[in-house]
Every structure is written in structure tokens, then in C-alpha cells.
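Here are my notes on the model you sent over. Have the coordinates open while you read, and go through the points in order.

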Amino acid sequence: MNTINDYDIGSLVWVKTEIDQALSNANTKLQAFVQNTHQTSEAAACATHLHQVSGAVQMVGLDGVACFTDAIEAAAQSLVKKGAEVAPEHIDLIAGSIEALSSLLESLINGAPNVPLKLYPQYSNIKEIMGQNASPIDLFFPNLHISPVIHTAHTHIKDHELPNYLRQQ
């Protein structure tokens, strides 16, 4: 792991092509399901591709992203049960979540920090359509291997200097 990010960007670069392919396949299978909602095997295949993505991002150390991907996978799996009774908003939410996931992974490749909380709006909506509660904490996986900096020098600060001192911290 590097000091700027809490994931291994080298490993992410290495598996990114496979992740992109799996996301593309998931989207293709989702669109095939839209064309014929009685063909639930397409929805099952979509969920399978999302499961592959979840495993890959988890191996790279993107646990919050994996949690989000698991939620998309569960939503896709629910299409198998609902079949023709699925609401169009449900499908749109899955497709939008796949796109948001792809965009986040691309930004990580480009050096952005790992902030899976950016996915919370979609995550919350997915959980809602699944009849489950969501919390931002679900996507928060801090790196607990980083030790805090310990200051050994004690500085006496006057009351009127305290706000300025704190701003500099």
C-alpha cells in the first residue's frame, strides 16, 4: 500500500481491464434482460459478472467499493426473482450504479483518493429498493494500519493565539 492511498494502485491497474470487461458484460446482460424480462438467466449472468468485480476490488483492498458492488449484485440477483414484475426504476438504478462504479474506479486509476462514500447516494437507493437500511458507515473502511503522529514537544499557547494555532494544524 502507498502512503497517499489505502489501496494498491499497481494491483488495481493490473486488474482494471478485467474489471472493465466484467462491468461491460454485466451491463450487456442487464440490457438483454430489459429486452426480455422473462429471460431471467440474463439477470443472473449480470449478477455473476458483478460478483467477479466485487472479488477483484476486494483483493485490491477497496473494501468500501466491494461493499457497494455486493449491493449492486444483490439488486441484480433480485431481478431473477422478480422477472417481468421488476420496476423500470430498479433496472435504471442498477445501470446507473454500474456506471458510477466504473467512473469511481477510473478516478482511482488516475490518482484520486479512495472515497467510496461518493457512491452512497446510489448505495442508499439500492438498499431502499431491496427493503434494507443503509448507512454511510457501510462504505467506510479506514486504514487502521496507519499510526497517528505523536507530538512529544509541549507548547504552551496563550488563549488569544489558540484559534490561529488550531487553524495551522
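1. A word on terms before the residues come up: two residues are in contact here when heavy atoms of theirs lie within 4.5 Å. With that cut-off, Ile19 touches Leu12, Val53, Ala56, Val57 and Leu105, leaving out residues up to four places away in sequence. Keep in mind throughout that this is a predicted model.

2. On to the overall fold. The protein has six helices and zero strands, so from the N terminus the order reads simply α-α-α-α-α-α, by the DSSP runs used here. Among contacts between residues at least 6 apart in sequence, 66% join residues at least 24 apart.

3. What about the dimensions? The C-alpha trace spans about 70 × 35 × 20 Å along its principal axes. The radius of gyration is 20 Å, whereas a compact globule of 169 residues would come out near 15 Å.

4. Next, the surface. The accessible area is about 10200 Å², and carbon and sulfur atoms account for 54% of that. Of the 169 residues, 34% count as buried. As for charge, there are 8 positive and 17 negative side chains, and the centres of these two sets sit 5 Å apart.

5. Which residues have the most contacts inside the largest nonpolar core? They are Ile19, Leu62 and Leu105, in a core of 40 residues. At least two core residues come from each of helix H1 (9–35), helix H2 (40–60), helix H3 (63–82), helix H4 (88–109) and helix H5 (120–129). H4 supplies the largest share, with nine residues. As background, nonpolar side chains tend to be buried together in soluble globular proteins.

6. Leu30 is worth a click. This residue is in helix H1 and counts as buried because its relative accessibility is 0%, with the limit set at under 20%. Apart from neighbours within four places in sequence, Leu30 is in contact with Cys46, Leu79, Ile91, Ile94 and Ala95. Now look along the chain to Tyr7: Leu30 and Tyr7 are 23 residues apart in sequence, and their C-alpha atoms are 29 Å apart in space.

7. Ile98 is placed in helix H4, and its relative accessibility of 5% is why it counts as buried. Beyond its neighbours within four places in sequence, the contacts of Ile98 are Leu23, Ala26, Asn27, Leu50 and Ile72. How many residues along the chain lie between the positions of Ile98 and Ser24, and what separates their C-alpha atoms? They are 74 residues apart, with a separation of 8.8 Å.

8. Is Ser78 buried or exposed? Ser78 is buried, because its relative accessible area is 9%. This serine belongs to helix H3. If you set aside neighbours within four places in sequence, Ser78 is in contact with His90 and Met130.

9. Last stop, Arg167. This arginine lies in helix H6 (residues 162–168). Arg167 has a relative accessible area of 65%, and therefore counts as exposed, the threshold being over 50%. Try the distance from Arg167 to Ser41 as well: these two are 126 residues apart along the chain, and 57 Å separates their C-alpha atoms.

Methods:
Residues are numbered from 1 along each chain as its sequence is written. This is a predicted model: local features need pLDDT of at least 70, side-chain atom pairs count only at pLDDT 80 or more; totals for chains, interfaces and linings use all residues. Side-chain values use heavy atoms; hydrogens and water are left out. Helices (H or I, at least four residues) and strands (E, at least two) are DSSP runs, numbered from the N terminus. The radius of gyration is taken over C-alpha atoms; the globule rule is 2.2 Å times the number of residues to the power 0.38. Buried means under 20% relative accessible area, exposed over 50%, partly exposed in between (1.4 Å probe, protein chains only). Accessible areas come from the Shrake-Rupley method with a 1.4 Å probe; for residues, only the protein chains shown count as cover. Lys and Arg count as positive and Asp and Glu as negative; His and the chain ends are not counted. The place of a charge is taken as NZ of Lys, CZ of Arg, CG of Asp or CD of Glu. A nonpolar core is a set of buried Ala, Val, Leu, Ile, Met, Phe, Trp, Tyr and Cys residues joined through side-chain atoms within 4.5 Å.
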